[in-house]
Amino acid sequence: MILVVDCGSNKVPYIEKCIDEFMDYETIKLEELSSVDLDRYLGVVISGNPILLTEVDLEPYMEKTTWIKAFEKPILGICFGHQLLGLAYGAAVSLQKEDRDWQTIEVLQEDDLFNKFAKEFLMMEDHHETISIPPNFIHLAVSDACINEAMKHKEKPFYGVQFHPEVSGNLGCLLFDNFIRICQKHKTD
């Protein structure tokens, strides 16, 4: 089973629909996460959120995500979730030009997350901030609009994507399928 952490995005139902094609899931709000046994899940998907991290106190969010560094199973952070993952490892968040359209994403480094993807592909964006690539992370993908479109931890199966695969059609669902395969492989390793 996959855990979907609902950070307040209206796109959570789309995440659930994509995951449901491949595996069972359970959704928990970020505020309720501390009461959950994370060991029950094969992996975790952290959703987006409409707030701007550059305009709020980061401390409450950092407190709610202290579990990330101790977690050993796969994580996929999407948009805000990608930013939280980066912040947990020392990334800096900054404002950028608002992007609420399709972008061509270029894969810089082959990875199982992009299995069966072309070197360039389209994904939907919906953000106004970006993060730097934190230490111990590999830069996986870039676009003309955002440098850090995708990243992966060097040692743990932690992934972050700035784009929104859940609203990007079949290719977005393929990304979830690839993530679930990573989760299943990690379970057997």
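A close look, starting with one cysteine

Author: Start with Cys146, which counts as buried because its relative accessibility is 1%; buried means under 20% relative accessible area, exposed means over 50%, and partly exposed is in between (1.4 Å probe, protein chains only). Bear in mind that this is a predicted model, where local features need pLDDT of at least 70 and side-chain atom pairs count only at pLDDT 80 or more, while totals for chains, interfaces and linings use all residues. Numbering runs from 1 along each chain as its sequence is written, and side-chain values use heavy atoms, with hydrogens and water left out.

So what does Cys146 pair with? A disulfide is a covalent bond between the sulfur atoms of two cysteines. Here the term is used for a pair of cysteine sulfur atoms within 2.5 Å. Go by that and you count zero disulfides. Cys79 is in none, and its nearest cysteine sulfur, 9.1 Å away, belongs to Cys146. Looking from the other end, the closest cysteine sulfur to that of Cys146 is in Cys79, and at 9.1 Å it is too far for a bond. Cys79 is buried as well, with a relative accessible area of 6%.

Nine of the nine residues of helix 4 are buried, so the rest of the structure largely encloses it. The buried set includes Phe80, His82, Leu84 and Leu87. Just past the end of helix 4, Gly90 has a positive phi of about 95 degrees.

Skip the residues up to four places away in sequence, and Gln83 touches Leu53, Glu129, Thr130, Ile131 and Gln162, where contact means heavy atoms within 4.5 Å. Gln162 is 79 residues from Gln83 along the chain, yet their C-alpha atoms are separated by 7.8 Å.

From there, hop to Ser132, in the loop between strand 8 and strand 9. At a relative accessible area of 33%, Ser132 is partly exposed. Neighbours within four places aside, Ser132 is in contact with Ala91, Ala92 and Asn148. Ser94 is 38 residues from Ser132 in sequence, with 8.2 Å between their C-alpha atoms. Also in the loop between strand 8 (127-131) and strand 9 (137-142) is Asn136, which has a positive phi near 70 degrees despite not being a glycine. Most residues other than glycine have a negative phi. Asn136 is partly exposed too, at 42%.

Lys116 is another non-glycine with a positive phi, near 75 degrees. Find Lys116 in the loop between strand 6 (102-107) and strand 7 (120-124). With 62% relative accessibility, Lys116 counts as exposed.

Lys69 sits in helix 3 (residues 67-70) and is partly exposed, with a relative accessible area of 46%. Beyond its neighbours up to four places away, Lys69 touches Ala88, Tyr89 and Lys156. Lys29 is in strand 2 (residues 25-29) and is partly exposed at 41%. Val5 is 24 residues from Lys29 in sequence, and the two are 5.7 Å apart, C-alpha to C-alpha.

Last stop is a pair of helices. The axes of helix 1 (residues 12-20) and helix 5 (residues 169-188) come within 9 Å and cross at roughly 60 degrees; axes are lines fitted to C-alpha atoms, for helices over the stretch in contact, with angles from 0 to 180 degrees between N-to-C directions. That makes helix 1 oblique to helix 5, since under 35 degrees is roughly parallel, over 145 roughly antiparallel, 65 to 115 roughly perpendicular, and the rest oblique. Helix 1 brings Ile15, Cys18 and Ile19 to the contact, and helix 5 brings Cys173, Phe176 and Ile180. By class that is six nonpolar, no polar and no charged residues (nonpolar: Ala, Val, Leu, Ile, Met, Phe, Trp, Tyr, Cys and Pro; charged: Asp, Glu, Lys and Arg; polar: the others, Gly among them).

Notes
Helix = DSSP H or I, 4+ residues; strand = E, 2+ residues; numbered from the N terminus.
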